[in-house]
Amino acid sequence: MRQFIRLSFFSIVVLILQICGEDGVASANSDGQPSALLSDKSLNGTPLEYVPADDLPTSMWPEGVAVNLGISTPREFFGFDIGERHLSHDQVAAYVRLLAQESPRISIEQYASTHGGRPLLLLTITSETNRQRLGEIQKAHRQLTKVNSDRVDLSELPAVINMGYGVHGDEASATNCAPLVAYYLAAAKGEEINKWLERCVILLDPSLNPDGFNRFANWVNRYRGRVPNPDSQDAEHNQMWPAGRVNYYWFDLNRDWLPLVHPESRGRMTWYHKWKPNVVLDFHEMGTNSTFFFQPGIPQRTNPLTPQRNQQLTREFGAFHAKALDQRGSLYFTQERFDDFYMGKGSTYPDLHGSVGILFEQASSRGVVQNNQDGLLRFHETVANQFTASLSSLRATTAMRDKLNNYKKVFYLNSLKRAQAQKVKAYVFQSHENRSRLLEFAAVLKRHDIQSYFLPEDFAYGDEVFPAEYSLVVPTAQAEFRFLQSLLMRRTDFKENVFYDVSSWTLPLAYGLNQHSLKHDFELDALVPFKMQKFANAKQFEMSEEDLGYLIDFKDDIGPWVLNKLLQANVNVRVAKKTFTMRIGDGEPEKFSYGTLAVISKNQKSKHIAIDRVLKEAVKRGARVSPVTTGLSVTGPDLGSSNFVVLKAPKVALLVGKGTSFYSAGSVWHLLDTQIGMPVTLLKSSDFSKSRLDDYSTLVLAGGALASGHWEKIEDFAEGGGTVLAIGSLAATVQRELGSGASLTPAATATPVIQKPFDSAATERALKLISGAIFKTTIDPSHPLLFGFKDQSLAVFRNHARFLEPSENPYCNPVVYDSETPLMAGYCSAENIERFKGAASVVVEPKGKGRFILMADDPNFRGFWKATSRVFLNGLFFGELVDP
């Protein structure tokens, strides 16, 4: 005989009433515990049933909660219970789509596709009453960000909660929990669930990283036996390279909320700022020997722009999580390890947008079961904790609805008051004759709901003249002023000097823009608002038989794309090693800088179609192309001079695999594949000994460590004429192998015995790290690695403490840290600042017929450090020119 779920005393009373002919009411009390026997009659005409324990829709179903039998259970759909094995993304997507068909509470939309072509889905879940006025609710939440927010009636306004699962694909309990939460919200019946749906609009994203999630699911299911193996050394628990944590191009999407490089993040912003949720949940996993974490994090490491009220509300949420986890008997911790400083993560981004972001970290079983300090950690238990925290969050949001709506209203009113109180009324950002860079910067701001404007004509302010074509105006009087401040922050002094992630992320420095603060109030109607649309230059390119050829300015970011397209079409392209002036048409002579490209079309008639096609598209995308009718310059070298060097199409190999940093390697692959359109060969580290390097002109070593036995082959490649680009901390390792760098550890000297408190060791070590700061360098624009650069300084991003020794050859140190004040933003110890002064950031080491180009700082950091990615690209195109 099947055992029925234990009934409360009140349930028995209700049973008696039912026998007497009264209608029973299915409900759960505020703690989610059973408070009534379920009736065979529905609350809204939908059949309900009291489900025996063996027939629960899932083993994690809370006691006493009624079920709508018209909704397909996870067990029915998948053929197994949630947590028994790892779901694939297509299974998750198919199931939540089915729920949207079966439940009137749920609608679903695809807001983007990943690089791998997988759908990114958003479920909107609420009551049928709210569904009839969703547009009105959304409009009201947008109104809360404006000056006239008093017009919004908060008394009946549902709170908006965004539940985001699995931004790291191998933290599988998160996304595996999402179908269960969706099912609960679709099928559960009772007073509590009805209240949630009436008082909340729930935006559920079941998988923030479908490509990484699927990569991990394939791995773990491939190595799962019929008898689960808890041994941590089993293949099931040890992933391939790259891990499922990262997306298609091996980026950490939980760091992409600020730079918005990828479609996953860009797509999310399309709906995020339409709603501006009150609450954002961010579900993760951590080490197997941990327990469960929920915020608040370390109080001292909260971003200084985050209001104190945000942390108070976070603590109120914590009381709900603690109660629910205590009832489960699950251990947890708060206010340790994790922080709220970097504003580009899923749980911190909301904190500067009138929301409460909450991070959850569950100890990971990785596979189905794994040994940990408490015995065995089972996958279904990790999913159950995430499910518990999901429900406690809904319970808290419902109870705190009025507080959350009022907080959002006050947050934006204070932000607007803060902006109005500023003496600075607008920021003007300038690019160095690089319109493409300025447009990209404006697009990022727009995705963050920050409006920018172009000048209709050149603008004079004091001694400064801002050219209209290369200037962008950002007024401070905007709802997102507080987040704008975060993007511009250049702080170098901190109360707390230990950081979970980076300590600085100044966006204008990343884009290589000059920033000016103006006390001038612009008439916005007189400016040209930036709009998110594909840029199309009004100028058009027309090829003429009378033209000798064409000069292409290389200062704009479109330059590398144009050069690659021409070289891929086998067009002969020359690059200027010196500056020169030429007369264009009947005008005055024009000056052309280092790196100007020259395409002589008159002697390449067979390539006319290719030249015309590429240059038409280039001009449309903003390239400056000047026709010339003679090879004779006014000043400087003529076009036939040896100072115009014929270029070869680079053939690039990128070393990937175990030991390599998939973040750094992924940023290289993404840059070349998606932005430049250049094919790049990914050479697996495990197969490197068998690789034919003679097929390539350039080998990229993108961070990590050198595997045993690789060095001799790499050195031979350079000796034979190849270019080796070594990035980040690996550059110092390469320099040591070359015998030209300092040793990794200082020589031992006799020192007195020192005793320090043991529990301060981790903190003291962290203080000596450079976990993410921005430094000023001086550059040589005449060096091939700096072709296209106009300014004499460059902001670089550093996240390690390995230094290069400068070359004895003064022509081989093209990028050097500022000798007086190298630190521009972020934390760096006084000891390390002294090490930076006058040190080398980029060093060229000639080797036989080839060369090593060593870049101490990752030039492609997280895909958005545009200021230095051009240095890397120049290394690919002009590597053979860097030997003095």
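Which residues does Val562 touch, not counting residues up to four places away in sequence? The first legend answers that. This is a predicted model, where local features need pLDDT of at least 70, side-chain atom pairs count only at pLDDT 80 or more, and totals for chains, interfaces and linings use all residues. Residues are numbered from 1 along each chain as its sequence is written, and side-chain values use heavy atoms, with hydrogens and water left out.

**View 1. Val562 and the nonpolar cores.** Leaving aside residues up to four places away in sequence, Val562 touches Ile552, Val614, Leu615, Ala618 and Ala623; a contact here means heavy atoms within 4.5 Å. Together with Leu672 and Phe872, Val562 has the most contacts inside the largest nonpolar core, a set of 174 residues. Apart from that one lies another core, of 70 residues, with Val96, Leu123, Ala174 and Ala389 among them. (A nonpolar core is a set of buried Ala, Val, Leu, Ile, Met, Phe, Trp, Tyr and Cys residues joined through side-chain atoms within 4.5 Å; buried means under 20% relative accessible area, found with a 1.4 Å probe on protein chains only.)

**View 2. The largest pocket.** Its volume is about 1300 Å³. Among the 43 lining residues, Arg266, Ser436, Leu439, Glu440 and Arg621 come closest to the centre. (On a 1 Å grid over the protein atoms alone, for a 1.4 Å probe, a pocket is an open set of points with protein on both sides within 12 Å along at least five of seven lines, and lining residues have an atom within 4 Å of a point; the volume is the space filled by probe spheres set on the points.) Helix H13 gives the most to this lining, with eight residues. (Helices are DSSP runs of H or I with at least four residues, strands are E runs of at least two, both numbered from the N terminus.) By type, the lining splits into 23 nonpolar, nine polar and 11 charged residues.

**View 3. Gln295 in its loop.** Look between strand S9 (292-294) and helix H10 (308-328) for Gln295. With a relative accessible area of 1%, Gln295 is buried. Its side chain makes a polar contact of 2.6 Å with that of Asp340, and a polar atom of the Gln295 side chain lies 2.8 Å from the backbone nitrogen of Leu359. (A polar contact is a pair of N or O atoms within 3.5 Å; within protein, one must be able to donate a hydrogen and the other to accept it, and residues adjacent in sequence count only if both atoms are side-chain atoms.)

Definitions and conventions:
Ala, Val, Leu, Ile, Met, Phe, Trp, Tyr, Cys and Pro count as nonpolar, Asp, Glu, Lys and Arg as charged, and the others, Gly among them, as polar. Buried means under 20% relative accessible area, exposed over 50%, partly exposed in between (1.4 Å probe, protein chains only).
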